[in-house]
Amino acid sequence: MATGAAPASFMSLKGRDNGLGFAKPSDFVKVSDMKRVKFHRTKIFVIKNSNPGSDIAELRPASEGSPLLVPVQKYCESTHKTIRRKTRTVMVGDVALGSDHPIRIQTMTTTDTKDVAATVKQVMEIADRGADIVRITVQGKREADACFEIKNTLVQKNYNIPLVADIHFAPTVALRVAECFDKIRVNPGNFADRRAQFEQLEYTDDDYQKELEHIEKVFVPLVEKCKKYGRAMRIGTNHGSLSDRIMSYYGDSPRGMVESAFEFARICRKLDFHNFVFSMKASNPVIMVQAYRLLVAEMNVQGWDYPLHLGVTEAGEGEDGRMKSAIGIGTLLQDGLGDTIRVSLTEPPEEEIDPCRKLANLGMKASQIQQGVAPFEEKHRRYFDFQRRSGDLPVQKEGEEVDYRGVLHRDGSVLMSISLDQLKTPELFYRSLAAKLVLGMPFKDLATVDSILLRELPPADNKDARLALKRLIDVSMGVITPLSEQLTKPLPNAMVLVNLNELSSGAHKLLPEGTRLVVTVRGDEPYEELEVLKSIDATMILHDLPYSEEKTGRVHAARRLFEYLSENSLNLPVLHHITFPKGIPRDDLVIKAGANAGALLVDGLGDGILLEAPDQDFEFIRNTSFNLLQGCRMRNTKTEYVSCPSCGRTLFDLQVISAEIREKTSHLPGVSIAIMGCIVNGPGEMADADFGYVGGAPGKIDLYVGKTVVKRGIAMEGATDALIQLIKEHGRWVDPPVEE
């Protein structure tokens, strides 16, 4: 495993094999190169190195008690503020990529590449919308021949936007199109390897070396041609299309993704070709973030400075797709990582430009003003393996009249801010919280809001409003109200919102003994002010940094808060509270919620979300909150879709079919469905999916269970019904709820 110097705690590790040691910086750990030994009283894995040199790796357990050792190596310039990672410049046509240049935005055509007129028209529309780069799928010789005409036609029309050829399984096609396009995207998982069969293969060192030699033989001609013509290249790993060889050695993992790309990068470097960028795409934002971080950590060890292309693949459509992309891309941008981005949506490509631009602007602004907080030592956050920090859920205390155990949810909580007006129509109010109604009485359901924030309590004589709140409290929904409101118009069994000043002054002691407290914290306060948290029994903390703060980074302030809590063994639940300004567009809200709160939740930092937007639809805010938790792989409240963005390979109208499937299956929480225009990325891209709907041939659909195809060549007209039948056969179907 590649990193710098070994810490003293690992220097004394010994094993019976003389080969035990640490990997040289040029090596990656293979599963076969790891040996289990005892360290203190814990069994851990260390690396066998048959030829240990003077270079040793600095390693530590991925998390406390974890058997996996990971590099203690920085993956970004700073963890307390956004500093853009320094990279070399890579030229894509006349467009420069790298840290000395703006974050470039790009998308991909969806037309049949052989249809030159349609492709040219779409490229022009994309360029007119402000994209810097356009990618076009090139799957065969006829498409490659069409690329020359596409390029020439665009030049004649004074469109000089750089064009990128998307290549899978076709080295000879790549060689042809490199003569006219500005950049070649190669997928290391299928450029020289066969399509993965998901077989666990046993490789000797000789077998592995022979496969590397085969890759080099196939790849070298393309590298040489790119050098000759001054082309750029993207070495773009997809989580779903790793080769059997890589998966046999490294597993279906971020480490496998990085090593897959490095095999090709080493060949480029061997030939003194450096005009390339990396990408590590996955449909799961958590995996995607881990893979990019590991990539950068390993590049730092090697002294490499290649730019990064960021993207969450198969993100889907609408708010779901924007949210997943914001979580993955936004997280990395706030760590100063990323030089060009693509938001993959199951929508027309020009619709990707605006969310892409919003994310690019967010990243550029954060790095330009170096958004963050004062330096602090970070020892508890884990960068390379997801491990959620779960705050202690409320427990029932002796003498309490109501059950507080339901005010937070173990998989992630959604809180909503409500107004007095909403209490005027109790049944509509309960429905807006997604509560079930039985004879007009509310009950919690799978996707019901867990607690509510009421900044102004109804007057004591407003019995109807207070009864509506009591009925919620009786079903274990928390009602939170400010200290001043509770002192002047007390609501029985309400939880009280206090700030650090009110705690320090003792104002909270005016409340009846045993009152549940919710503490609002900025995260950047002096540590002396946070000390009061040690002396109170808070039910939860709301991390709330005003939206108007520009220089102080919400993500960095929260990391500092979590570090303080961990260092002082305070396992209090923390919810991310963001209050958006009036008039914020929906897309902006989704992207900023994903990039700010999502950036923390993908690190396992946080127990839920409270979003406020005064003039936004209440249902939209509630759905966005639940989408955010599901996008971060926390609370699953609806069907999960892995849906590709469509391209020239797509074998059916992806947008129409996707909408049809969603309409009929969106009520299946816990079920994941992949909707793929073709199988170019392999069934591995459906690694997270339970069922797959995949274009197999024009007008024909293949159905998958997991990674296994179970039905082939189904006529498209009946394929959606066949998918539903397949879900039923596996016991995952429930009938849609009847509208009341």
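A pocket is here an open set of grid points with protein on both sides within 12 Å along at least five of seven lines. The model is predicted, and its largest pocket has a volume of about 1300 Å³. Of the 31 residues lining this pocket, A447, R622, T637, H667 and P737 are the closest to its centre.

**The lining of the largest pocket**

- At least two lining residues come from each of α9 (318-333), β17 (436-438) and α18 (618-631).
- Helix α18 contributes the most to the lining, with five residues.
- Sorted by class, the lining holds 13 charged, eleven nonpolar and seven polar residues.

- Strand β25 spans residues 608-612 and is mostly covered, with five of its five residues buried.
- From β25, G608, L610 and E612 point one way, whereas I609 and L611 point the other way.
- In a regular strand, side chains alternate between the two faces of the sheet.
- Strand β16 (residues 413-418) runs parallel to β25 and is joined to β25 by four bridges; V414 has I609 as its bridge partner in β25.
- Strand β24 (residues 574-579) also pairs with β25 in the parallel sense, over five bridges, and the partner of H577 in β25 is L610.

**Residue N596**

- N596 belongs to helix α17, which covers residues 586-601.
- Because its relative accessible area is 16%, under the 20% cut-off, N596 counts as buried.
- A polar atom of the N596 side chain lies 2.8 Å from the backbone oxygen of K592.
- Not counting residues up to four places away in sequence, N596 touches Q334, R554, V555 and I578.

Note on methods:
Residues numbered from 1 in each chain as written. Predicted model: local features only at pLDDT ≥ 70, side-chain atom pairs only at ≥ 80, totals over all residues. Heavy atoms only, no water. Buried < 20%, exposed > 50% of the residue type's maximum accessible area, 1.4 Å probe, protein only. Polar contact = N/O pair within 3.5 Å; in protein donor to acceptor, adjacent residues only side chain to side chain. Contact = heavy atoms within 4.5 Å. 1 Å grid on protein atoms, 1.4 Å probe; cavity = no way out; pocket = protein on both sides within 12 Å on 5 of 7 lines; lining within 4 Å. Points joined across faces, edges and corners; volume = space filled by probe spheres on them. Nonpolar A, V, L, I, M, F, W, Y, C, P; charged D, E, K, R; others polar. Pairing = 2+ DSSP bridges.
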